[in-house]
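The sequence and structure are shown first, and the description follows.

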Amino acid sequence: MAGSTATTGQSSGGGDGASGGGSGGGYSENLGHVIFITAAAAMGGFLFGYDSSVINGAVEGIRGKFSPGSSLLAQVVAAALVGCAIGAAIAGRIADRIGRIRVMQIAAVLFAASAVGSALPFALWDLALWRVLGGTAIGMASVIGPAYIAEVAPPAYRGRLGSFQQAAIVTGIAVSQLVNWGILNLADDDQRGKVIFGLEAWQVMLGVMVLPAVLYGLFTFTIPESPRFLLSVGREAQARKVLAEVEADGVDLDARVAEIRDAMRREHKSTFKDLLGGGGFVFLPIVWIGIGLSVFQQLVGINVIFYYSASLWQSVGIDPNSSFLYSFTTSIINIIGTLIAISLVDRVGRKPLALVGSTGMAISLGLVAWAFSARTGKGENIKLPDTEGTVALIAAHSFVLFFALSWGVVVWVFLGEMFPNRIRAAALGVAASAQWIANWVITVSFPTLSDWNLSATYVMYACFAVLSIPFVLKFVPETKGKTLEEMG
């Protein structure tokens, strides 16, 4: 994800026009319309973030309702990740057949259905199925949002408009935690006992997502289809109309259409076979580096914060209201860190940010592990001493900040830039799949590991943060200032 939930699907489609920087002159009259189009498409990213993290507030309610063991509860929480992999795998092909807008509309329907179904489950397996459906929508949104924005945005603004997707994801995470906190307050801090709107608090938390899902669906009827797709299916007149709406006044439409057609003809459709390098390691070395980046991004345990933080804080003696509030404040820190990364990644480079982030995460996770080792008591009498509790809170927020200003953003920048053109799409798909798998492993294992030894679990995450430092230093190439063609 995250962030984190990280964004998958750094699409092709950004190469249809010149990268042109310039001042953007001539775009002023159209820019407001383009920003609206981009923001509407990025609503999928908002729902990506919202649906990924809303389960955080419902974990304890689900535990109380269905009484699952830690392992089974983890499977329900992680069920969405199965859908994510499915949605990400099928979105591109469907979009090439029926269009980008139709895929957005399918995703909106799946988000809405998942919200309603998750709020009204009659059994644990039923809830898991609705979570898979929501995950499928997340996977589709993770691919189609960046692809559509890259294909519609004017060249001079493509980079900045492309950042809308990541900003929408982290905003969705924050809003979900704020909404959960508000619902908990309406329920007087009782996730199950008090009924609001005819449902238990945890059910309302999961069901509220139907509102932004419906809004996303409505937005899709107000934005145009991608000109790239329109040209691919022979609808040139409509493609020209869209280009006239989003490009600078006086743009040469004949030249732009020819440019897009030429880019589409020159594209090499990379396949899995292109990634094989022979020998015992199967993949080319650069593909392994991409996989390593994706896996390290998840093995530091970032999604434990976004999936389990409310339960985590309650497990060390913090009351439910405060635990939900801390989930929200970490989401705000995530937004701040993301904005820092966006502002620095082209100035200081990718590797320096990654190394600073790894160091900061390792120290923060080590402090969290130390603080949690002081946990005392059992059942409802668990608590942390005041000093350790303060350290745990500060270190957990510091961990999120260091992740967000580094690995949360730079991994996707690396993956979008480091692969040679001929294998970029296929290599990115493999790296993204590795990230979903690592995310699933961490999500499924955390409840069991925390029951075993919460402090040792965070020591393990800290070790992965430490190991990421020599990995970046030795194997990861700096891509700052290089063209995609220079990467091979």
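In which helix does S364 lie? S364 lies in helix α14, which spans residues 350-372. Helices and strands here are DSSP runs numbered from the N terminus, with helices being H or I of at least four residues and strands E of at least two.

## Basis of the model

The model is predicted: local features need pLDDT of at least 70, side-chain atom pairs count only at pLDDT 80 or more, and totals for chains, interfaces and linings use all residues. Residues are numbered from 1 along each chain as its sequence is written, and side-chain values use heavy atoms, with hydrogens and water left out.

## The chain as a whole

The secondary structure comes to 17 helices and three strands. Of the 488 residues in the chain, 57% are buried, where buried means under 20% relative accessible area, exposed means over 50%, and partly exposed lies in between, with a 1.4 Å probe and protein chains only. The chain exposes about 19,100 Å², and carbon and sulfur atoms supply 65% of that area. Accessible areas come from the Shrake-Rupley method with a 1.4 Å probe, and for residues only the protein chains shown count as cover. Among contacts in the chain with a separation of 6 or more, 82% are accounted for by residues 24 or more positions apart; a contact means heavy atoms within 4.5 Å.

## Helix pairs

Two packed helices are described by the angle between their axes and the distance between the axes. The axes are lines fitted to C-alpha atoms, for helices over the stretch in contact, and the angles run from 0 to 180 degrees between N-to-C directions.

| Helix pair | Angle between axes | Axis distance |
|---|---|---|
| α2 (residues 70-98) and α4 (residues 124-152) | roughly 35° | within 5 Å |
| α9 (residues 236-246) and α10 (residues 253-266) | about 115° | 10 Å |
| α11 (residues 285-299) and α17 (residues 424-475) | about 25° | 3 Å |

The crossing of α2 and α4 is right-handed. The residues of the contact of α2 with α4 divide into 17 nonpolar, seven polar and one charged. In this division Ala, Val, Leu, Ile, Met, Phe, Trp, Tyr, Cys and Pro count as nonpolar, Asp, Glu, Lys and Arg as charged, and the others, Gly among them, as polar. A crossing is right-handed if the near helix is turned clockwise from the far one by less than a right angle, and left-handed if anticlockwise.

The pair α9 and α10 is roughly perpendicular, and its crossing is right-handed. On the α9 side the contact is made by E236, R240, L243 and A244, and on the α10 side by L253, D254, R256, V257, I260 and R261. The residues of this contact divide into five nonpolar, no polar and five charged.

Helices α11 and α17 are roughly parallel to each other. Their contact residues divide into 19 nonpolar, eight polar and no charged. Angles under 35 degrees count as roughly parallel, over 145 as roughly antiparallel, 65 to 115 as roughly perpendicular and the rest as oblique.

## Selected residues

Helix α4 holds both G135 and T136. G135 is buried, with a relative accessible area of 0%, and T136 also counts as buried, at 11%. Leaving aside neighbours within four places in sequence, G135 is in contact with D51, A80, G83 and C84. With the corresponding neighbours left aside, T136 contacts G83, C84, G87 and L110. G135 and S114 are 21 residues apart in sequence, and their C-alpha atoms are 8.7 Å apart in space.

I37 lies in helix α1 and is buried, with a relative accessible area of 0%. Not counting residues up to four places away in sequence, I37 touches Y148, V152, I223, P224 and V246. The pair I37 and Y148 is 111 residues apart in sequence and 9.7 Å apart from C-alpha to C-alpha.

S364 of helix α14 is buried, with a relative accessible area of 3%. Apart from neighbours within four places in sequence, S364 is in contact with A395, S398, F399 and F402.

Is S67 buried or exposed? S67 counts as exposed because its relative accessibility is 61%. S67 is found in the loop between α1 (28-66) and α2, and has a positive phi of about 50° although it is not a glycine.
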